[in-house]
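Hi,

Here's the structure I said I'd pass along.

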Amino acid sequence: MNRTLTCFRCRAPPCAARARNGRRGFSEVKRPAFAPKPMIDIKHIRQNPDMYEETCVERNYKAQAGNPAKIIDLHARWQQLQKDGRALRERSNLLRRQLANPATSSDDADVQDLKHLSREKIQEAARELKGKLAVIEGHEAETVAQMEALALELPNLTSRDTPRGAEPRLLSYINDHPSFDENTEDDIWRSHVHIGAELGILDFAGAAAASGWGWYYLVGEAAQLEQALVQYALAVATRYGWTQVSPPSMVYSHIGAACGFMPRDQNGEQQVYTIAQSAADAERGVPQMCLTGTSEIALAGMKAGSTIDASDLPMKRVAVSRCYRAEAGARGADTKGLYRVHEFTKVELFAWTQPDHTAAHDVYEEMLDMQTEMLSSLGLYCRVLAMPTSDLGASATRKVDIEAWFPSRRHTKGDGWGEVTSASLCTDYQTRRLVTRMRGGADGKLTFPWTANGTALAVPRVLAAILENGWDEQAKTVTIPECLRPWMGGKDRIGLAKARDNRKGL
């Protein structure tokens, strides 16, 4: 298999892909024959078209806003086709009975018009009906496929807890606002890019030469700090009862699409890397694969086509993975440093829950508690935001982001805030598309569990925030949060050796 990276949407190289806009729908991703067929509740869409249309408009899925009305029209067409098909089948059955036993069926009022026909004429009529029925059945299958494709393009319904519009709702703050001297020198040194260069622990120039723009090297204490953050996040999640998983970083593209993972930058561009195929592989039907932008995708895929026992829920998992996104194409200061990069380490939380609001809410709140505990212990000043409809992805019904204070972003972004964690509740959006079912519910029927996911720690962004908030301009060192020191050899500061060398004139 040729392992060239391409854009998820158009199969073009990433640079060319970023010149185009648009949204790729789940139905456009070719699903291999072995993959379970998604089980979307089309009846619910038909019964609540206004609700789905409103959701599309609120989330800026304007092209999909007309899908519910189209589904209703197609359903009416399908019903008529079924009616026509039933009439033809009934007539075909009469012809078969007449051919099988003319004497028995000759008194049937429905076949009186056949009595005068020869056997050859009846056979000819049966063949003609069979052909007409095949055409109708073909139209039925095509109509059903069109309804399913339109349904798959729709985003999840929005929770009542989600703010409508484009403005998030402030929920709370974590820690106290730090104070900094407002001067030119402070503006320069508060950037983690400058801090990393001064300490020799971040290398962007070398990465640009080796891999291109949007990549980086963590060196020495920065690499050690990355591992400390990972171990700390895993320790907290394990203490809360979450099971560790080491997932793959490459999955089938239809798994990623089923999770609703189609990340976009500020201009709506598709940002998923896929693995290019040779013509021979494509001809043989080798499934398309992609690099995961988050281990949420691989974790959700663990139970694709499976049935979970209700007694095993909630099933809570935490995973560390390398994540791959082309979103470094976003504009402005986000493209500098570690804030928006092509590859990074992330600790992710993922859970399957009972399909009800109370059970799902309990797990969701537990994720938020973990995120709050970790960021609080890291000493970062943060704000917790209920994200609005315009910011929700396809799968989320509700999303809460936590943004940390970055001193360098006061001037580049205006307010100093930058997202470091996110938590989403997805109800049965993912499980229906992955056909992950639950056995043993209250009514004894198979149903679909709900899923929730959240970032435990997005390492590069948190690392950048620690560098900026812990920087001591006078000593040229960074204070290491106390919770990370067990994994940093007991050190309380980064850059001490560098500072000593500077004092000696080395």
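Predicted model: local features only at pLDDT ≥ 70, side-chain atom pairs only at ≥ 80, totals over all residues.

**Binding site**

An unreviewed UniProt entry puts a "binding site" feature at Arg325, Ala326, Glu327, Val341, His342, Glu343, Phe344, Glu419, Val420, Thr421 and Ser422.

Glu343 sits in strand 11, which covers residues 343–353. Its relative accessibility is 18%, so Glu343 counts as buried, the cut-off being under 20%. Beyond its neighbours within four places in sequence, Glu343 makes contact with Trp215, Tyr216, Arg322, Cys323 and Tyr324.

Glu419 belongs to strand 14 (residues 417–425). With 27% relative accessibility, Glu419 counts as partly exposed. If you skip residues up to four places away in sequence, Glu419 touches Tyr339, Asp401, Ile402, Glu403 and Arg461.

**Nonpolar cores**

The largest nonpolar core contains 64 residues, and Leu229, Trp242, Leu375, Leu378, Ile466 and Leu484 have the most contacts inside it. Helix 10 (residues 221–239) gives the most to this core, contributing ten residues.

What does Ile466 touch, once residues up to four places away in sequence are set aside? The partners of Ile466 are Leu225, Leu229, Leu378, Leu380, Trp471, Val478, Thr479, Pro481 and Leu484.

There's also a second, separate core of 20 residues, with Ala298, Ala310, Met315 and Phe350 among them.

Cheers

Conventions:
Residues numbered from 1 in each chain as written. Heavy atoms only, no water. UniProt positions renumbered as here; feature names shortened; annotations may be inferred. Helix = DSSP H or I, 4+ residues; strand = E, 2+ residues; numbered from the N terminus. Buried < 20%, exposed > 50% of the residue type's maximum accessible area, 1.4 Å probe, protein only. Contact = heavy atoms within 4.5 Å. Core = buried A, V, L, I, M, F, W, Y, C linked by side-chain atoms within 4.5 Å.
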